[in-house]
There are 2 protein chains.
Amino acid sequence: MRIEVRQNILARNDEAAAANRALLASHDVTLVNLMAAPGAGKTSVIMGTIEELRSRVGIAVIEGDIASEVDSLAIEAMDIPAIQINTGGGCHLNAGMIGTALEHLDLEALDMIIIENVGNLVCPAEFDLGEESRILITSVTEGHDKPYKYPQIFRVADAVLINKVDLLPYCDFDMARFRELVLGLNPGASLFEVSCTEERGLAAWTAWLASAVGRVG
Amino acid sequence: MRIEVRQNILARNDEAAAANRALLASHDVTLVNLMAAPGAGKTSVIMGTIEELRSRVGIAVIEGDIASEVDSLAIEAMDIPAIQINTGGGCHLNAGMIGTALEHLDLEALDMIIIENVGNLVCPAEFDLGEESRILITSVTEGHDKPYKYPQIFRVADAVLINKVDLLPYCDFDMARFRELVLGLNPGASLFEVSCTEERGLAAWTAWLASAVGRVG
């Protein structure tokens, strides 16, 4: 019984995701779904990515949170369009929420929309939002064992950003082991080591992102 | 429609939680539900807590994860009974899962059972497992803005552990602001600053825990 309910929810979500995908394709806009645990640095990565790409890519951001609008206010302070979605308790965004947000953006003026999903390594992996790329951010402070515990989100990611590498000297994080675990689950994943605090590694990541979404130079 | 389904799920869960609570009361065993984001240090806190209390409190652990049994193996290596629950995609434990785990523990030999919930700051806050205390662990690397974004889990916590304080010199974490936000949501919460790496703050936390569950000295 619960399985049927769940299947219905996912089927309805897939229909809404297909509609988002068609709408975005008609405007030549790329949708990027950024997922991570709470506190991994999603907003900092988005802000760093905007700084790297804004001169050549028209960007907007959709912020997903249980509550609050602190993240969308931070993005708007950069003079970038930002839509805040508060899920009111929901642990992930769904395609219908994104469809509603898209109605409030000027798609003709945009090349890329970055979604900051709710901080959660579980359910966001299951809900297609109509995106072209799925990005997972992990931070070295979370430990290198996360691929064991949350395998699905590592499997569906096109790229994995390993954030907060400036804290590596103070953490028990085995980078070689982490890379091995990630690539064991997802051999095609691109991995990037970054530090938003020290602005390290963002150029390589954003070059990949611009290329992946067909917005090179 | 979705709301009704959700209400039914929560009502069934509450029945199972009440059964767990009655069973544990009849054996004079205290159940503690430990919640946190992925990588906040739940397993390290549990291991440190066991070391502090094992001489006077009979402890077992129930480990919840999407997949893997790395955490229960670590606990068993300490010669402490550990039951691993793999949710197979579910983003939280429910009371029925805990009821099944309790069948596999010798309740007469125990004083306290610590549950390590799935790493998630959202859904675990909504599911009563039959516990006496709810503990939230956050780490300073996650940032001090988490109470804004995940208010419900801060509201339901009896105690909040602020872990990884050894990393404070390297993080942009405002402790006074964090405490203010937590106590604004939950004036009765007890807060403890700890570092499992440097074994700091564990004595105060475990003294509170032993007292809260009526297992003083």
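## Where the chains meet

In this predicted model, 31 residues of chain A are in contact with 31 residues of chain B. On the side of chain A that touches chain B, the elements that give two or more residues are α5 (146–149) and α6 (151–156) of chain A, and the largest share, three residues, comes from α5(A). Sorted by class, this side of chain A holds 16 nonpolar residues, together with nine polar and six charged ones.

## The sheet of chain A

Chain A contains an open sheet built from seven strands, which follow one another in the order β3-β2-β4-β1-β5-β6-β7 with parallel pairing. At the edges stand β3 (82–86) and β7 (190–193) of chain A, and each of them has a single partner strand, so one side of each is left without a neighbour in the sheet. From one strand to the next, the twist averages 20°.

One pairing within this sheet can be followed residue by residue: strand β1 (residues 30–36) of chain A pairs in the parallel sense with strand β5 (residues 133–139) of chain A over five bridges, and the bridge partner of A:L34 in β5(A) is A:I135. Helix α2 (residues 42–53) of chain A lies across β1, β2 (59–65), β4 (112–116), β5 and β6 (159–163) of chain A, and runs at about 165° to β4(A).

## The sheet of chain B

In chain B, an open sheet of seven strands has the order β3-β2-β4-β1-β5-β6-β7, and its pairing is parallel. The edge positions belong to β3 (82–86) and β7 (190–193) of chain B, each with a single partner strand, so that one side of each is left without a neighbour in the sheet. Neighbouring strands of this sheet are turned against each other by 20° on average, direction ignored.

Strand β5 (residues 133–139) of chain B pairs with strand β6 (residues 159–163) of chain B in the parallel sense over five bridges, and B:I137 stands opposite B:L161 in β6(B). Across β1 (30–36), β2 (59–65), β4 (112–116), β5 and β6 of chain B lies helix α2 (residues 42–53) of chain B, which runs at about 165° to β4(B).

## Confidence in the model

The model scores ipTM 0.84 and pTM 0.90. For chain A the mean pLDDT is 93, and 95% of its residues reach 70 or more.

Residues 1–5 of chain A call for caution: pLDDT stays under 50 over this stretch, for which the model has one contact beyond four places in sequence. Where pLDDT is low, the predicted coordinates should not be read in detail.

Note on methods:
Residues are numbered from 1 along each chain as its sequence is written. Chains are lettered from A and ligands numbered from 1 in the order in which they are written. This is a predicted model: local features need pLDDT of at least 70, side-chain atom pairs count only at pLDDT 80 or more; totals for chains, interfaces and linings use all residues. Two residues are in contact if their C-beta atoms, placed from the backbone, lie within 7 Å. Helices (H or I, at least four residues) and strands (E, at least two) are DSSP runs, numbered from the N terminus. Ala, Val, Leu, Ile, Met, Phe, Trp, Tyr, Cys and Pro count as nonpolar, Asp, Glu, Lys and Arg as charged, and the others, Gly among them, as polar. Two strands pair if DSSP finds at least two bridges between them. Axes are lines fitted to C-alpha atoms, for helices over the stretch in contact, and angles run from 0 to 180 degrees between N-to-C directions. pLDDT is the predictor's confidence in each residue, from 0 to 100.
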